[in-house]
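Hello,

I am passing a structure on to you, with some notes on what was found in it. Please have the structure open as you read.

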Amino acid sequence: MTSRFFRDDGRHFKNEFEDYSPATADNIVDINKNDIHDEFKETLKEKIIIMLNHLNNNKKQWINQDDSSIYTGNTGIAYLYYFYGTRFNEETYIKRALELIDRQDSSRSKRDITFLIGEAGRLALGAVIFKSLNDEAQSESMITKLLALFNNATKSSYDELLYGRAGYLYALLFVNKHIPNSIDDDVIKKIIYSMLTTGKAYAKSRKYSTPLMYIWHDSEYLGGAHGLAGILYILLQARQYLTQEQLKNDIEPSIDYLVSLKYPTGNFPSSVGGSSDKLVHWCHGAPSMTMLFALAHEVFARQDYLEIAKDCGEVVWCRGLLKKGSGICHGVSGNAYTFLCLYQKTKELKHLYRACKFAEWCFDYEKHQARIPDRPYSLFEGLAGIIYYLIDLTVPSSAKFPGYDL
């Protein structure tokens, strides 16, 4: 590990894993297939079953909680069940997912418009699951209810992913991906227009050099969950609804502004003006930036963006084994998506090997956490998220960070 990427911030364990080489990668990745080795895939499947059984056996600990979100609630576990069922052709789990969604209280506050935190996530996921089971009427009903949140989304005070318009936009894009042409283009374009308008107005009011800037809870956050990077990443994934002028004049210069804030270590501050190079997890720091810059490289054909994404990967390899645990939002499994993103972009086995080593760390997740998460079985804080990552890793070329990648 080079000193450039390493910093002892007290928040991570020292990475004792040997880095990639043909010798260290034996039985982990297959050099000939440029894929995970069959032996490691079998290990993954064994661990998935063990962890899934543990989740199911502790159902009483999470089934009655008053939380219907994908982030920490039962809809997140429904998402895991659906993912497991579709990946391994287990229709029983798809039906379990639907049962969980059906039992949720649908009277959540109308301001909870996002995929990860709000009612939009339950409706979007429900629409897709009903469609997969050929229940067209129920699927369309869910989409109608999702669209009914449109006015609340346009009136939202925030644009970030967890609580704001970007999270509603993701829900619309998620449905359109799985059920093509189910959401009118005009609906998506109007949400994007609102996001760009508020971002421009705020940046201008504060005289920022970036065309777009946003605020959440009195801070100008930069990361995936609450900040500029997450908003830009969702907008880039919706680029078919953007003009070339918007891409060149609004999106690309805003990405360049983020570049100007990068620490010498390769990490990024959590908010504008931040100087504490401590946070290395998806919600704040390098991991979500990897995905943004990898996609920006694809869209704008700029090699410097890819190099920044690779630097983020080095930061995560050095500092990504977090003491907070192995969850998706601020844990090791979420950080590991950094390597899957880079593997998909570069096809380099080094990144896939690193993703597998972080998975090995997650096998003993209870041993590798300083404290028990508030929602220890949930998708974004707990066990469900670890299982989700391990399932995704079985087919690394198609892995997608839930609620962020499309």
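This is a predicted model: local features need pLDDT of at least 70, side-chain atom pairs count only at pLDDT 80 or more; totals for chains, interfaces and linings use all residues.

The space in the largest pocket comes to about 360 Å³. Three helices, α9 (228-237), α11 (286-300) and α13 (332-346), each give at least two residues to the lining of the largest pocket. Of the elements, α13 has the largest share of that lining, with five residues. Sorted by class, the lining of the largest pocket holds nine nonpolar, five charged and two polar residues.

The second largest pocket has 18 lining residues, and F83, K177, H178, Y388 and K400 are the closest to its centre. Its space is about 310 Å³. At least two lining residues of the second largest pocket come from each of α2 (74-87), α7 (165-178) and α15 (383-393). With five residues, α2 gives the most to this lining. The classes in the lining of the second largest pocket are nine nonpolar, four polar and five charged residues.

**The chain as a whole**

The protein chain contains 15 helices and two strands. Its radius of gyration is 20 Å, close to the 22 Å that the globule rule gives for 406 residues, so the chain is as compact as a globular protein of that length. The C-alpha trace spans about 55 × 50 × 40 Å along its principal axes.

Of the 406 residues in the chain, 60% are buried. The chain exposes about 16,400 Å², and 45% of this is supplied by carbon and sulfur atoms. As for contacts between residues at least 6 apart in sequence, 68% of them join residues at least 24 apart.

**An enclosed helix**

How many of the ten residues of α9 are buried? Ten of the ten are, so α9 is largely enclosed by the rest of the structure. The buried residues of α9 run from L228, A229, G230, I231 and L232 through Y233, I234, L235, L236 and Q237. They pack against four other helices: α7, α8 (185-205), α10 (244-261) and α11.

**Two residues with positive phi**

Most residues other than glycine have a negative phi. N181 is not a glycine, yet its phi is positive, at about 65 degrees. N181 sits in the loop between α7 and α8. Is N181 buried or exposed? With a relative accessible area of 73%, N181 is exposed.

H217 is another residue other than glycine with a positive phi, in this case near 50 degrees. H217 belongs to the loop between α8 and α9.

**Three further positions**

H12 is in the segment before β1 (29-30). Its relative accessible area is 6%, under the 20% limit for burial, so H12 counts as buried. Although H12 and G331 are 319 residues apart along the chain, their C-alpha atoms are separated by 9.9 Å.

L149 is found in the loop between α5 (136-147) and α6 (150-154). L149 is also buried, with a relative accessible area of 8%. The C-alpha atoms of L149 and T197 are separated by 20 Å, and the two residues are 48 apart along the chain.

P264 is in the loop between α10 and α11. Its relative accessibility is 69%, above the 50% limit, so P264 counts as exposed. D277 lies 13 residues from P264 along the chain, and the C-alpha atoms of the two are separated by 9.8 Å.

Regards

Key:
Residues are numbered from 1 along each chain as its sequence is written. Side-chain values use heavy atoms; hydrogens and water are left out. On a 1 Å grid over the protein atoms alone, a cavity is a set of points where a 1.4 Å probe fits but cannot get out, and a pocket is an open set with protein on both sides within 12 Å along at least five of seven lines; lining residues have an atom within 4 Å of a point. Grid points are joined across faces, edges and corners, and a volume is the space filled by probe spheres set on the points. Ala, Val, Leu, Ile, Met, Phe, Trp, Tyr, Cys and Pro count as nonpolar, Asp, Glu, Lys and Arg as charged, and the others, Gly among them, as polar. The radius of gyration is taken over C-alpha atoms; the globule rule is 2.2 Å times the number of residues to the power 0.38. Buried means under 20% relative accessible area, exposed over 50%, partly exposed in between (1.4 Å probe, protein chains only). Contact means heavy atoms within 4.5 Å. Accessible areas come from the Shrake-Rupley method with a 1.4 Å probe; for residues, only the protein chains shown count as cover.
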